[in-house]
Amino acid sequence: MTARKAASTLFMGALWVAGLVAVIPLVLIVYYVLLKGLPAVHVGFFTQTAPPPGVPGGGMSQAMWGTGLIVGMATLISVPLGVLTAVYLSEFGRGRLAVGVRFVAEILLSTPSIVAGAFIWALVVVAMHSFSALAGAIALTVLMWPIITRATEETLRLVPDELREAALALGVPRWKMVLRIVIPTAGSGILTAVMLAVARGFGETAPILLTSLRNDFLNTNPLQPTDAVPLRIYNYAQSAFPAWQTLAWGGAITLLGAVLVLSIGARLLSDRQQRRLG
Amino acid sequence: MEERSTTRSVSDAGVPVRRRLRIGDLTLRGGTVAVSLGLVVLLAGLLVVLATGAAPALSQLGLSFFTSRQWDPVTNHFGALPYIYGTLVTSTVALVLALPVSIGLALLLNEVRSKWVRNPLTVLVDLLAAIPSVVYGLWGLFVLAPALNTYLAPFLARTLGKLPVLGALFVPTPAVGNMLNAGVILAVMIVPIITAVTREVIATVPADLREASLALGATRFESIRMAVLPYARSGIVGATMLGLGRALGETIAVSMVIGNGLGISASLLAPGYTIPAVIANEFREATSTGLQHSALLALALVLVVIALVLAGASRLLVRRSERGFR
């Protein structure tokens, strides 16, 4: 009898250890990124471009603008696509087509990001004979579209059917009901979905590596090779120059900050949304 | 049903009610259907484009693409065995390390009633999933790998390395990057996804089963072992497959800590190379003549087919588990 109880206590203890082990890496990563990244962050970090090899100083401004350009275009493409797919699944989708589309959206979430890069290289970079920010944005769209669709469909399903029925009972046509009642009600949930997708886009390295290449200088032409913060971190981390490695940590603190703010913001928004609708 | 109710509404212009309403409905419905089909076309296009690109390499090299160890752009011969090996080894290490932690954590989150423990823990694990892989790689390269190489690797070589069969896994090498580092980083990265899916499945275990086992005098441990885990088993297998898919496809973090060495070594403390890492490293340098691009696209095709099959199978298993079949 006591042996059984002891086994149970031991097991519960092991579960707590598992919980602790899972959280430790997060603490360590944030700690080291702050420790090594903060010294790299100064005004020049945000205003200067890439320094020549071995020269101290310099910054990542070209990479930050590049990330903004690439992720901005990817967001403009993937938000309408993702939201419309979600509207279909939640408001119209019935039968085999809906089951199929939902399944495709779910498994596309598991596309390895490097594969999205190779796919868009073969499709866009080869056809346009050039690496470009646009190709990078399309590669990110492959990853962001299913994310937005999944999260938006979940939030559209939280909209109470009573609202839909009330609108239809008042004689509002279905399309107007969707655009004027369902989507505004789910508004902050859709914003959450977009924030999660943008956070993912900010952090992706592999797809951009194969499509947007890199650029030491500021570029605003979507059809030219363009730099991005994760690309810079990847290149600088593997270099032999301590100055470049410091810049890599500076990039990491910027990237991690942006991604964590977006993720935490998305979480707060979705909690509020669920309290309001649930 | 709804169709009929909308057509009863009042007309405010001269346009016939039925027609005007139907045009709006048809447009929105047609538009969303078209975009949704676009998503299906995207998946099909991805497979077709990669298969077309991979065809020259696969047809010229045949099975030797999967069985040869020679990967040489100069002689135009490409054998992917070292990459396949490295991918399988690192993913296996990652699963072995991540599974107990993830399942333990998911059970903990299900057992603990206090929201003061549950909510922060859930948030922290979700944030772990949000960290970009290049940040994992940077941290792995400068913090984790030196620590593992200084403390863990010599310890493993001294202890487990002395065992008869298992010892081959822990033969020390002077390399900085190795497969153990990659496996550990991958484990950290897949814990959130396995935990999330396992939790989702465990949450669907009927309360009557738990209560019945407790009423019969089972301890918490026995109740989990006899009522919760058997019921959630196929869902946990599904969660594992999803985690495996993530681990197989992870690129940047792995390529930064694995050493990118082209050998097949039994020891986890030796450098290795993975399929995503070689695509990332060689793609931009590959020349347009020769088979290198085609061989790399073939690797991408192999990767995505495995990842999608795992994801699909995982989804079906989880859904079956949630519906309560076994």
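Ala130(B) sits in helix 5 of chain B, which spans residues 115-130. The structure is a predicted model. Ala130(B) counts as buried because 20 other C-beta atoms lie within 10 Å, and the cut-off for buried is 20 or more.

**Around Ala130(B)**
- Ala130(B) reaches across to chain A, where it touches Ala199(A), Val259(A), Leu260(A) and Ser263(A), leaving aside residues up to four places away in sequence.
- Met189(B) is 59 residues from Ala130(B) along the chain. The C-alpha atoms of Ala130(B) and Met189(B) are 9.5 Å apart.

**Around Val135(B)**
- Val135(B) also has partners in chain A: Ile29(A), Val33(A), Ala252(A), Leu255(A) and Leu256(A), again not counting residues up to four places away in sequence.
- Val135(B) is one of the residues that touch the most other members of the largest nonpolar core.

**The largest nonpolar core**
- This core holds 194 residues.
- Ala118(A) and Phe119(A) are among the members with the most contacts to other members. From chain B, that group includes Leu50(B), Ile185(B), Leu299(B) and Ala300(B).
- The core lies between domain 1 (2-60) and domain 2 (64-323) of chain B, because both domains give residues to it.

**Confidence**
- The model scores ipTM 0.95 and pTM 0.93.
- Chain B has a mean pLDDT of 90, and 93% of its residues reach 70 or more.
- Residues 1-11 of chain B have pLDDT below 50. Beyond near neighbours in sequence, this stretch has 17 contacts in the model.
- Where pLDDT is low, predicted coordinates should not be read in detail.

Terms used. Residues are numbered from 1 along each chain as its sequence is written. Chains are lettered from A and ligands numbered from 1 in the order in which they are written. This is a predicted model: local features need pLDDT of at least 70, side-chain atom pairs count only at pLDDT 80 or more; totals for chains, interfaces and linings use all residues. pLDDT is the predictor's confidence in each residue, from 0 to 100. Two residues are in contact if their C-beta atoms, placed from the backbone, lie within 7 Å. A nonpolar core is a set of buried Ala, Val, Leu, Ile, Met, Phe, Trp, Tyr and Cys residues joined through C-beta atoms within 7 Å. A residue is buried if 20 or more other C-beta atoms lie within 10 Å of its own, exposed if 12 or fewer, and partly exposed in between; C-beta atoms are placed from the backbone. Domain bounds come from an automatic or database domain assignment. Helices (H or I, at least four residues) and strands (E, at least two) are DSSP runs, numbered from the N terminus.
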